[in-house]
Structure formats: C-alpha cells, structure tokens
Amino acid sequence: MATCQGPCDPEWVRMDGSSSFIAEYSFTEKASAVLKQGARKSVEGSVYVFFSKYNTFQGLKMLELEHLHLKHVVQLVSALESIVLRSFGPEGGQVLFTRDTGQVMLSRSGKRILSALHLEHPLARMVVECVWKHSTITGDGSKTFVLLLASLLRMIHASATKEPHMSQPYNSTETTEAACARHLADRLLDFALTELDALIALNVLPHGFCVSLEDSTGKTEQSFQTFLLTFFNTRLGNVYCDFFRDLMCELLSHWKIKNDQPSFSIRFLNNNFPALRTQVSGFPVGSSRLIEGQVIHRDFATPCPQVNEQSVKAVVFSGYLQPKLLTAGDVLELGCGNRATEDSSIVHFSSWTGRSLENIIATLQSFGVSVLLCALKQSSAALALATQTGMCLVECVSEEEISLFAQLSGVTPISDCWRICPEDIATLTFCKPILLGAHRYVHVDFHDSEERLNVKPCSLVICAPGEGQTDQYACAFQDAIRMLLTAWEPMHKSNITALMRTFPSNKFTSVHKDNMGDETAYASCSMNLHETCVIEPGCVLPAGGTFEFLLHHGLHQYGHSCSVSVNTSAVVPVSELLANALLSLPRHIYSHNPKSFLQAQTRVMALIPKHSHTLSSNVIQTEGLLEDGKLSLHSCKKGSMALTLLDLGLESVSCKYHLVLAVLQCLTSLLRVNKVLRTHTVLHTKSHKLLNARSESTEDEDEDEVVSL
Amino acid sequence: MDLNGDAEMKVIQAQRERQDKISKLMGDYLLKGYRMLGDSCEVCDTILLQDRQQTNYCVSCQELDSDIDKDNPALNPQAALSQVRERQLAAQSQAVTQVCAGQSSSSQASVPVTQPRPEHCEGAASGGRSFLPPPVVISALSPASTTSLVPIRSLVCPPSSTLQRDLEEAKEVVLTKLRGATVQLQSSASLETSIQLCSLISSCANSLRSLRELSQ
C-alpha cells in the first residue's frame, strides 16, 4: 500500500509498480505532473518519487537582501551614545518619559532609558539587548557600556578605513572595511580573554584595596558604605543617596545569614527582592522603612477576626479547596463503579463536593489552622464556609511570595487538600492586615526556628510622592544588590604564562640595559604571581576614572613591549586600540571641565612608578601583602594616596572587568553581521530578520557572498 | 606634503564634526519619541527616523544641509545684500583711485550711487525660492527714485536768466489777478462774493510772496 502525504511535503512516496496509483488519490495537477516526471524504478522494484517544495526557491528569490555597512553601525551606536551621555557621570541629569495615559517614568539608568526608546533597526535592538543582559547581571554600567562601545567602534572604523588591503580580494571597499573591522574585533576579544585579567592584576589591583563583607570593623565598614554611597549617588542624585545608603545597610545587616558565606545572603536577597519590597506612592521619601516579617501583596478574602493569640497556624495551598464543578473540556462521568443507578446525577456530584469541602475545613480546624494562603482563586462556597468557621483566607498569592514564605517558614505548599500532615503547617507570630498607602496587605511574621534560615526576616517599604519615583528607587535597590553580588563574586585564578611570553627576558634587557640583574628577580616573582595573582572579591578602587587611567597605562606598556618583540608595522596593536578607547570614559566624566581631566590623570599617573625595576619590587610587595589575606588601608603602600582619592567614591574592579569583556563580546557580534533579510509577517508588512553571517571570499567576482542560515 | 596632510586633516575633522552633529540630532529626536527605522536615506545614507504621523525624516538632509543655504545669494537676501555691497566697495575703490589720478570733481556728483535696498534683494531672493516675484514693487520704487532724482537735477543744472523771466511772468499774472479781484471786491454787494474775493486776494498775495522768495 502506498502512503502519501500532501503534495507539498518533502516526503518520499513509495509507489507500487502500477501507474494506476495516481488515479486512486486526488492530487493537484502540478503534483501529478511532477509525479509522472519524477517516477523512477529503483533496484527493489518499487518506485520512489521525491516531492520537493517546488515553490521554495521562488520564495527565496522574493526575499530582499540588504548589505549593512560599518558606518551605519557607527552611526547608530553614536546616536545611542548621545542619548546616554546626558545622564552620564556625577553631573548627569535624569530623563523623564511620559505616556499618553499620563504614566511617568523617571530614570538615570541607561538600561531603562534605552529600553524605552522606539527602535526598529535590528542592530540597535541588538545593542539594547546586550546592555539589558549585562545590566541584569551586574546591575550597573549600562551607560559606560554604550560609551565604551561607541568609542571602540569609532576607532575600529578609523583604522579599518586607513588599513591597506587585506590578502584576500573583495568586491568593494566597504566589504574590505567590514572584513577588517571584524578581524580587529575578533583579535580584541581574543586579547581580552587571554591577557586582560593578568594585566588588570598587574597594573590596577596594587592601587586598590579589598573590602570584606564579613568584617564590621570601622575602616572596612566605612569603605563599604562609601562604595554603596557612590552607587546611589550616580543613580538617584545626591538628595536621598545618604538615606538610601543607610536603609540598604540596615537591610543587609538584618539579612545576614550567619552560617554561610556572605554572598549567599546577597544572592538570596537578589532572588527574592520582588517579594520583599512594597512600593507605596503618595508619601514623602523619608518614610521609607523596614518592617519585620513578610508582606503579602493581597488582601484577606474573608473578614479576619481580631484574635490575640500567641501563634497563628497557616497552611499554603496550591490547588482548589473545592473541586471545580465543570470547566470547558471536562468530562464528568457519573455513576458509582459499574452500577449505573438512576440516582447518579449532577446534583449528587455537587453535594459530594460540598461535603468534601466541609470535611477539609473540619480537618484544618482540628489541626488548629486559622490562616489559608491560596495560590488560586477559590469558589464562593469555599469562601462562605471559611467565613462561617472563622478562617482567614488569602487567595491569588503570587508564586514569588509563596516561594519566599515557604523558604522562611520551612513548609511546602500542598496541592491535595485531603492529605494534610503536621509538617505542612507553618507557625506564625502574627497574621494581620496592614495598611500601606492606599492598599491593605497581609502582614505575617515567623517564629525563630533552627531548621530554616537563621535570620530575622524583614521587608522593605519604599515611599515616594509618585509612582515613577517609587519605580526608580526600587530599581536602584535591586541594581545595588546585583552590583554587590558581582563585586563579591570570586574570580578564577588567572594564568599569566601568556603574560610571561610577551615579556621575554632577552627583550627586557634590550629595552632596559641597566636592569640586567632584575630580570631574574622579575622572572621569579612572576612565577610566584602565577599562584597568588587573582582579582580578589571585593577589590575596590577610587572612582572617577582611576581604573581607566591605570589600565590605559598598563596596556600602553604592554603594547610597547609587544611592538619591540613582534616588530611588524602592518599589524595594528589591539592593546593600543583598547587603551585609547578606555581613555574616552574619563574624558566624558570630566567633560564639563577639561582641566580637571588633566588633574585627575596626573594624580593617578603619580601613583605609578616610572621605572621597571621598581615595578618588579612593587610586585613583590603586593604579593607579600596578598599573602596576609586582606589589605588594610594603613599597610598599603598607596594608602595615603588612596585616602585622598576616597572622596571621589569607590567602584569595584570586578564589575569593570566584566564590563570590558561584555563590551568586546557585543562588539564582535555586532560586527559579524553583514546582511539583513527582510521578511513579511502577519503583523508587520515589513519586519527584519537578522542573519549572523560570515562572508566567504570568492575568486569569482560575479558570485554573491554566501549567506549561511 | 604638509599642505595635503593639513587639508586631509581638515576634511576628516569636518566629517567627524558633521557625524557628531548628526548623532546628537538623532539622539534628540529619539528622546522625543521618534522611531529609528531600519532603512537609510537614499541621498545621504543616514539612518531614517519616523515620527508619530508615520512620516519618514532624514536628519542630515533636512536639518544639516540647510546650513549651507545661508551663504547662497540666490536663496538668502542678506547674503545677496552682502555680495552687492562687496561689489560696490570694490567698484568704489576703483572709482576713487581713478578720481585721484586727476579727474574733475563735478563728475563725482553726477550720478549719486543708489544703495540697493534689501527689499530689492528680497524680491530677487523670493524669486530664487520659486515664489511669485512682485515686479510691481520694484517698478514702483524705481520711478520714485528717478522722480526724486529729477527735481534735483532740474534745480542744479539750468542757468539763472530763464528762471528770472519765468518768475517775472508769474508775478505779473498774479498781480493782474490781484488787481481784478480788488476791482470786483469794490463793486460787489453780496457777502458771499466778497468773502471769496478776499480769499482769492490772500492766496494771490501768498503766491507773490513765494515767487519773491524764489527770485531771491
């Protein structure tokens, strides 16, 4: 028997030898023509016919292909840069977005500003998505991301237009430029992935110091607070930054989970922050506070009797108390076993459900449960019965709040109401309504228990005159938590044997002839560095461009040593490119006053020793200090200088490192695109589909570039 | 080589400044709610923006290139005026050098130079901008200027003897009229005619006075 699919399916059709097969099934005329054309006799005696999608090729021809040029990329990233530049730096302003509905959004965060724009250009959307993803992980640095990306692109564009022809021939100058740019971006990323962390460890880390989360001694506490203050200052302005910094420190101190490493509590806060915060509009900012326990953002569905008991028992349900009678698609089979009595009808069923509900409530009452937290909406009969028996019911509680409740109380939500065990019952200190702003919520608090997290939970209430501002403050808090998580994330040890390759000892002597004796010292201490050199968690630097100046200098030196060893002028040194691009960031910070840019630069450069042998001695000193465990401000060689720079604020080295890597990865993916395919969808007559394609060089000039799907 | 390098640097700098301006304008429009499209302009290859009314807008074609128009005399009256003044200045300096070479001073005052007024240029400029030129204005102005010139000429140029003769003739006529009016005034009986005759006499006296002033 022949099996056949429709005429457009690319399926093999196996036919019997007879040609009467065609008459048995109804095909379209075209299909049958193809069938007759393509019928062949195979070895086994059966005939195979292959239906191809005969209109596919035609469909491809109808799609429009567009080339993307490097200058378009530069232009659109420059446009995004000009938007973000307004809010950048300590002098930056805020952007107010309004909707026709009257909703207002106030922000200084680059991520929110960029996501609020109407962008239909596919590359612009790609950049915004990269910024979004980076900001979701690190919490900060979205504006810096766009600025660094723009300056890198401009430099790559400049060097690509000046570059002599590549070895492979291309169709036009634009494709040559694009290929050159792509190549440069790939080399930059390779460089960053292999050498950058070692360079940072060598050049930047000695000028910073570590702040620990565990210590609550005076100095580290102050540095930690300065670190937070810098963040809140850039995000919220200098009016409320002190207040929010104190609130944040209070929140962190309440949530210190003592058993584990300190980043565990920050991670817990990060995961549960939407459930832990309540936004209240219409109050002054100063009335933001912490309240003990958890706030469930729903009101009681049944009137809550005022009981002054010591403890309240609660159960969490994730299903329905009373089975739903009939929903669309349900089939109700009536009857008791095999006997189909005349009495079985829907009335019996509904009375049975009523009785089961009464039994459930009675069971709960026997356990002493007085509060029910339900994830779904309950039936009116359940509500009525709960009111009658005096049980408090909260319905439609969100998933995040249920999961937080479960973690804090130690119980798991039950789905089957028939099987209630004593382990499923949570003990609460109180469960009462609370009025926050215009809404009434449920406020619960938990007993101290050894089994669950050993912490006194508290919730954050954020007040502000308007909704736009409460959103802004809540986002700032969440981003601060994410930033803390990134800054205190332990980094992997860097392998600096690659760095050793670029500083070979014989080249070193050719550059500095008077330091013959030091090369062995350098070699030996670099071996030691290999074990201990790492970007420690919690390493901070004075803000205001210090990181950029130091890394610029380090990359510059690296570039010098590379050019001495490699000695080819045709190859553009990528370290120089990155170094110059990095310098654009402090330029933007000090754009209102060019003199202060030079002042800042000289101040930071004064920290760096000029001679190479002092560099190696510095390295030994740093290694010694690292062995102690933590750097304290006074024992650090640059301690005095660091103290004077503290008034600028502090920023985390780890966050900056992540930022540079993320920018370079975004850059490579941006420059890999060279074609845009326009497709037609139902909603939009013209929409865009991006292809990541690598253009293959061809000898034949007429052939189009290969597009890989 | 240095010159080439400088010129190249200037070109590169000008291009960079133009690109910076384009980016800034695009950023402004995006913040105002314009939409960045995936297309680029056919003329200048800049990325297109679209406003709320779904009209496409190219930042460089419609805003930046118009900066050059302000120097174009065909499109800007002020530019035209400054161009004419420059030419006049060049012509006058030439005329001054010629005069100093030893020409008579009377030729200087022969034709007073008319300054082209901005209204003239406005008409020409509006013609350049493809509006309907108002030729009536220009033609109305030019006869006025010529008529203003004519009496000056007539006052300066003719000799004094013919003038005196004309004045004497006028005086005679006026006196005759005066005498006739006086005679009629003596014989008139009605009040109305007397008043009219008296006013005739006073106007004759006024004309005589002005004629006398002219002759002096």
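**Figure 1. Where chain B meets chain A.** In this predicted model, 22 residues of chain B are in contact with 23 residues of chain A. Contact means heavy atoms within 4.5 Å. The size of an interface is often given as the accessible area lost when the parts come together. Here the two chains bury about 1800 Å² between them, and 56% of that lies on carbon and sulfur atoms. Buried area is the accessible area (1.4 Å probe) that two parts lose on being put together, summed over both.

Figure 2. The rule finds three salt bridges between chain B and chain A. A salt bridge is a side-chain nitrogen of Lys or Arg within 4 Å of a carboxyl oxygen of Asp or Glu. Arg86(A) and Asp28(B) meet in a salt bridge through their side chains, at 2.3 Å from N to O.

On the side of chain B that touches chain A, the elements giving two or more residues are helix H1 (2–31) and strand S1 (35–40). Helices (H or I, at least four residues) and strands (E, at least two) are DSSP runs, numbered from the N terminus. H1(B) gives the most, with nine residues. By class, this side of chain B has nine nonpolar, seven polar and six charged residues. Ala, Val, Leu, Ile, Met, Phe, Trp, Tyr, Cys and Pro count as nonpolar, Asp, Glu, Lys and Arg as charged, and the others, Gly among them, as polar.

Figure 3. Strand S7 (residues 118–119) of chain A and S1(B) pair in the parallel sense over two bridges. Two strands pair if DSSP finds at least two bridges between them. Leu119(A) stands opposite Met36(B) in S1(B).

**Figure 4. Chain B as a whole.** Chain B has eight helices and three strands. Along the sequence they follow the pattern α-β-β-β-α-α-α-α-α-α-α. Of its 216 residues, 20% count as buried. Buried means under 20% relative accessible area, exposed over 50%, partly exposed in between (1.4 Å probe, protein chains only).

**Figure 5. Helix H14 of chain A and its neighbours.** H14(A) spans residues 399–409. Its buried residues include Ile402(A), Leu404(A), Phe405(A) and Leu408(A). The buried residues of this helix pack against helix H11 (262–276) and several strands of chain A, among them S12 (312–317) and S15 (426–436). Gly410(A) follows the helix, with a positive phi near 85°.

Figure 6. Arg187(A) lies in helix H8 (residues 173–203) of chain A. Arg187(A) counts as partly exposed because its relative accessibility is 24%. Arg187(A) and Val574(A) are 387 residues apart in sequence, but 7.0 Å apart in space, C-alpha to C-alpha.

**Figure 7. A three-stranded open sheet in chain A.** The strand order is S8-S18-S19, with antiparallel pairing. S8 (209–210) and S19 (650–652) are the edge strands, and each pairs on one side only. Two bridges join S8(A) to S18 (residues 539–542). Cys210(A) has Cys539(A) as its bridge partner.

**Notes.** Residues are numbered from 1 along each chain as its sequence is written, while chains are lettered from A and ligands numbered from 1 in the order in which they are written. Local features need pLDDT of at least 70, side-chain atom pairs count only at pLDDT 80 or more, and totals for chains, interfaces and linings use all residues; side-chain values use heavy atoms, with hydrogens and water left out.
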